[in-house]
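Have the sequence and the 3D view ready.

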Amino acid sequence: MSVGMLRGLLEGLRKPSSGLLSLAVQTPYVEQVRGYPTQKYFKILAENRKRNRIRKLQKLEQPKKTFAEIQKSKLKRTVLGSRRYTEKDWPKQINSDDVHLLKEVVRPTFDLESCIQMHREVLHPQMYNHANSLVMATVELDMTSKKRGHFVDQISGSLLLPHFFEYKRQVTRILCFTKSPDEATLALERGANLAGGEQLVKKIEAGEVDVASFDTVVCDLNMYEKIQSLKNILKKQMPRLGNTDAISEDVLNLIERHRKAVLFSASGDLYEPDYAAFTVPIARLQMPIDHIRANIKELFVGVNHLGPRGRPPNSFITEIFLSCPPSLERLVLDKTPFLIAPSQNAPAGRARAPTAEPEE
Amino acid sequence: MFAASVLRRVASPNCYHVRTLIVLKRSHPLRQPQVGEAHKNLQTKRMRTYELVPLTEEEKPKTIKVVLKELVEGYGAVGDVIEVPRNFGRFELIVPGRASYASPEALKWAETLQERGIEVVRFTSKTSPGTIRYLRSRVYALIMSEKNPWTLEVWHVRSHLRSQGLVVPEEAIVLPDKPINHNDGVFGKDIIITIKINGKDEARCRLRFRPAEELLSPATQLQEVEQPWYIDTPTALFESQAAEINQMHDEVMAIFQKRIEAIRSEGLRSIADLNVRAIF
């Protein structure tokens, strides 16, 4: 029933009835009725339809929340804060007095010499009495890959530091391919866990040796062509030509270097998949500063090439801290002198790490 | 906006304490017709739209001027004339009696402070009274060797304070007059030093000597610590400082108990709450 019909009915009822029959005789007043909207309302309807269509398109354009963003929103509900050292943690009000709390200022970065000097003071024989303590470097990483929503799962590797220092190190398991059996016995004496020639290659092909239990694979230059059949078994541990850490004419020297290597591994955080951190011993406190600097430079080179491909140079390592146990102090290192020039970013003599590529 | 709707939005004049004037402005201004031109039809929709012109005279000022009657941290000393946000000035300064409106009488009172012999205490910066208050409510550890000989020097204190989160230059530290040696039975006892903030403001800072070799041995590190070390009742190294040390210890205890009650009632709010139990 249209509006016009209703109005007619009401008007008919409102009229004073003269007699009993008047209601029966009275017929409702009928207006002209259209089955379509007027020109005025048609315009409004068209506008609304257009607006709705635009909104629908805008919704489609909005990207969905990635896994990382969802996890970060979960983190806000917990007691735990973000583990990353960021500018957000720094205070808004800055204390400009000469005596101030470290909480109240934007935390400064120190160059290497002043960092080491500060640690030497605290661990002095008159105070903590740990003068030759280890210098530990904590490295924070940015694990985002080139593809949106994908992250590097975990990284692991070993550092061959130029200057040796003593500490209880994790044992590296070394697999060695040598040209002769005499050399193989020498390699086992020097510290290789397994060494051999063509017979070892056949054993691995047959599946008698578990390759996954070894950290590093070292090969003599003459054996290089004979290993090629193991390409599918060793996969990313496969030593490549030009990698001076995996292939050389003097294998025994290489094994000794690997024995002194420092191992590290890091995996993404549960709540922050783009965050990972690891700590490695870098030097002893009483070593000369030039030696410490050379070791840290090697750390930068060794870690930076593990980063995902297609990222801008020097963006993988976000922050480096130096600490000396048992002191709890952690100083932020100024990393500008250690940054790698873009041409030097991907050195030829290095193999890629086993799990460097993003999971897909 | 139609004129009728504008009028509807304005509350009735009975609500106001003063009858107010409402000023309207055409949203599409009229152009004066030239000679021979016909008048515009004023009944159109455009001609009936108006905007409300806000009356700025009635608006309340956002800031007010006040004269301080006492020292207010971060704002000023006695007699200072400062401009603060309206609500803050009213409810935090004027109502508690810490300041008054900058009336001519109050300004005259502020000018004649020196004649009445009222001392004006001024700090070198806004933040320095806060750090002075903070240092009273803390104990810093001086972890020194038991085996190797030493006499306490300024750089010992400076590097230990920095490692615990307080940056102090060496010039600011004033040690007690008596030299302190490792033989004096120092460990477990407290001393108080003065720290001069910006070379002027004096803050008192409590330090406790702790033995390095004993703390860092594996035997003590495996022990379960029931309560943090800074809660233990202090013993003064110098008897002249004993009263002040006890006074500062009460402040530490008050803050500690308040914090633990907050954790019990509200639960952990951040990871920092876990650090109430100290590591050493």
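The questions below go from domains to interfaces to local details.

This is a predicted model, in which local features need pLDDT of at least 70, side-chain atom pairs count only at pLDDT 80 or more, and totals for chains, interfaces and linings use all residues. Residues are numbered from 1 along each chain as its sequence is written, chains are lettered from A and ligands numbered from 1 in the order in which they are written, and side-chain values use heavy atoms, with hydrogens and water left out.

Q: How far apart are the centres of domain 1 and domain 2 of chain A?
A: Domain bounds come from an automatic or database domain assignment. In chain A, domain 1 covers 37-80, domain 2 covers 102-168 + 261-344, and domain 3 covers 174-259. Taken over C-alpha atoms, the centres of domain 1 and domain 2 of chain A are separated by 44 Å.

Q: What area is buried between domain 1 and domain 2 of chain A?
A: Contact here means heavy atoms within 4.5 Å; 12 residues of domain 1 of chain A touch 8 residues of domain 2 of chain A in this way. Buried area is the accessible area (1.4 Å probe) that two parts lose on being put together, summed over both. Carbon and sulfur atoms give 67% of it, and the total between domain 1 and domain 2 of chain A is about 790 Å².

Q: Which residue of chain A forms a salt bridge with A:Lys72?
A: A salt bridge is a side-chain nitrogen of Lys or Arg within 4 Å of a carboxyl oxygen of Asp or Glu. Between domain 1 and domain 2 of chain A the count is 2 salt bridges. In one salt bridge of chain A, 3.2 Å from N to O, the partner of A:Lys72 is A:Asp274.

Q: What is the strand order of the open sheet of 4 strands in chain A?
A: Strands (E, at least two residues) and helices (H or I, at least four) are DSSP runs, numbered from the N terminus. Two strands pair if DSSP finds at least two bridges between them. In chain A, S4 (174-177) and S6 (216-220) pair in the parallel sense over 4 bridges, and A:Leu175 has A:Val217 as its bridge partner. The pairing in this open sheet of chain A is parallel, and the order is S5-S4-S6-S7.

Q: How much area do chain B and chain A bury between them?
A: Start with the contacts: 39 residues of chain B meet 24 residues of chain A. Carbon and sulfur atoms carry 61% of the buried area, and chain B and chain A bury about 2,700 Å².

Q: Which residues of chain B lose the most area to chain A?
A: Three residues stand out on the chain B side. Together they account for 20% of what that side buries, and they are B:Arg162, B:Val167 and B:Leu216.

Q: Which residue of chain A meets B:Arg162 in a salt bridge?
A: The rule finds 2 salt bridges across the interface of chain B and chain A. In one, the N to O distance is 2.8 Å, and B:Arg162 meets A:Glu329.

Q: Which strand of chain B pairs with strand S1 of chain A?
A: Look at A:His100, whose bridge partner is B:Val167. Strand S1 (100-101) of chain A runs antiparallel to its partner, with 2 bridges, and that partner is S7(B).

Q: How far apart in sequence are the parts tied together by A:Asp245 and A:Arg257?
A: The side chains of A:Asp245 and A:Arg257 form a salt bridge, 3.6 Å from N to O. A:Asp245 lies in the loop between helix H9 (231-234) and S7 of chain A, and A:Arg257 in helix H10 (251-259) of chain A, so the pair ties together parts separated in sequence by 12 residues.

Q: Where is A:Pro326?
A: The peptide bond from A:Pro325 to A:Pro326 is cis, with omega near 5°. Most peptide bonds are trans. A:Pro326 sits in the loop between strand S10 (317-323) and strand S11 (330-332) of chain A.

Q: What is the phi of A:Asn129?
A: A:Asn129 is in the loop between helix H5 (112-122) and strand S2 (134-142) of chain A. Most residues other than glycine have a negative phi. A:Asn129 is not a glycine, yet its phi is positive, at about 60°.
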